[in-house]
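Hello,

Here is the structure I promised to pass on to you.

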Amino acid sequence: MAKRPVPKYDFKAFGAAIKAAREGRKESRKKVGDEMFISPRYLANIENKGQHPSLQIFFELIQRYHISVDQFLLDTPAAKDTKRRQLDALLDGIVDKILEAETKLAEYTNKETLLNTLQNTFPDTLKKSILQWAVQGKLVPQDPADEPASILLERIRTEKQRLVREGKIKKAKHESVIFRRDNSHYEKLDGIERCIDDELPFEIPESWEWCYVGNVAFVTKLAGFEYTKYIAPNLKTKGIPLFKGKNVQNGKLVCDFESYIPNDISDELFRSQITKKCLLTPYVGTIGNIAIFDGSFKAHLGSNVGKIEILNPREDPPCILEEYLLLYLRSSAGYEQLTKHKKATAQESISIDAIRNVLVPVPPVAEQQRVVSKIDGISKVLKTL
């Protein structure tokens, strides 16, 4: 049977209307193609050559640009009878409702995404805010009977001098002291005084003091030549464990060690040995990921991990708590201090000197204890949120 001859409909007028509407919206063919999953060339052929689109693409285009098909499919306006006008009105109403529903759905999706984000980040954000209040002296009350921090720092300076005399740490090439005078803070470095008010991140109570981490702690790492000469040739499957960056995760220590060294090698490299309570922090990779080592076993620094060993006097009660210093370094201000000299490399990194130059607000030790206890209690509540 022969096919019935049907004249091919000329879509050029439709293509021109699409093109005019698209250009009126200042949309490129690539943008439309990406959003409708069609090629820009296909769209160009529809617009310029009258190529017949698929029914689905035809429907999506008239919806996208709100184009009435009557002017293309009906010969004259008179051809539109009453039923057709009623049908058009019904279809227009349906399209309007669909568009309204799509708008409402998009608004709902955006609000749901925002709500989920707030629910997921609220405990952490709140904790950081509370930490910031704590390290500014705003979380717990000050007690005038507390021994001031200036006396604590003096005890640490005495302990530091003893360790230098015994050859356990090196004397700093440029020792500095921060002090108050006339309601301002000054740093005395190499005999020269200068006001540092503009460098301090916030105000602190009268009984507190500012200092650098390097003033109150022994900060060190495993030197590159030490690893090459002593560590690499002597790696074992048991012995003294090496702490690497992967052993410090989310503020906790992961004591699952890959490498060990003999005890005598560890003793020879005593400055990078870990035998006391201290803070461990990677200085390459995730900066600010810090954890406390409790000193319960003997270990050694591996690659890319530094230790912060507070120089608390041997016999006296501690002057600065590791737990307090950890809270400060994990606060917003502490993190800014820690990363202020961050290197722009493929991986985040800071130098050991950058850790030494972190400014720390030091409260009386009794207040440090109150802060740590308060934060512990708050953290337990936040975990339930």
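Helices α2 and α3 lie roughly perpendicular to each other. Please keep in mind that this is a predicted model. The axes of α2, residues 29-36, and α3, residues 40-49, cross at roughly 115° and come within 8 Å; the crossing is right-handed. On the α2 side, the contact is made by Arg 29, Lys 30 and Val 32, which meet Pro 40, Leu 43, Ala 44, Glu 47 and Asn 48 of α3. By type, the residues of this contact are 4 nonpolar, 3 charged and 1 polar.

The buried ones are Glu 322, Tyr 324, Leu 325, Leu 326, Leu 327, Tyr 328 and Leu 329.

What holds the most contacts inside the largest nonpolar core? In this core of 56 residues, they are Trp 210, Ile 308, Tyr 328, Leu 329 and Val 360. The element that gives the most to this core is α11, with 6 residues.

Leaving out residues up to four places away in sequence, Trp 210 touches Leu 153, Ile 178, His 185, Leu 200, Pro 201, Phe 202, Ile 204, Tyr 328, Leu 359, Val 360 and Pro 361. Another core, of 20 residues, lies apart from the largest one, and includes Leu 242, Ile 261, Phe 293 and Ala 299.

Best wishes

Key
Residues numbered from 1 in each chain as written. Predicted model: local features only at pLDDT ≥ 70, side-chain atom pairs only at ≥ 80, totals over all residues. Heavy atoms only, no water. Axes fitted to C-alpha atoms, helices over the stretch in contact; angles between N-to-C directions. Helix = DSSP H or I, 4+ residues; strand = E, 2+ residues; numbered from the N terminus. Parallel < 35°, antiparallel > 145°, perpendicular 65-115°, else oblique. Left-handed = near helix turned anticlockwise from the far one by under 90°. Contact = heavy atoms within 4.5 Å. Nonpolar A, V, L, I, M, F, W, Y, C, P; charged D, E, K, R; others polar. Buried < 20%, exposed > 50% of the residue type's maximum accessible area, 1.4 Å probe, protein only. Core = buried A, V, L, I, M, F, W, Y, C linked by side-chain atoms within 4.5 Å.
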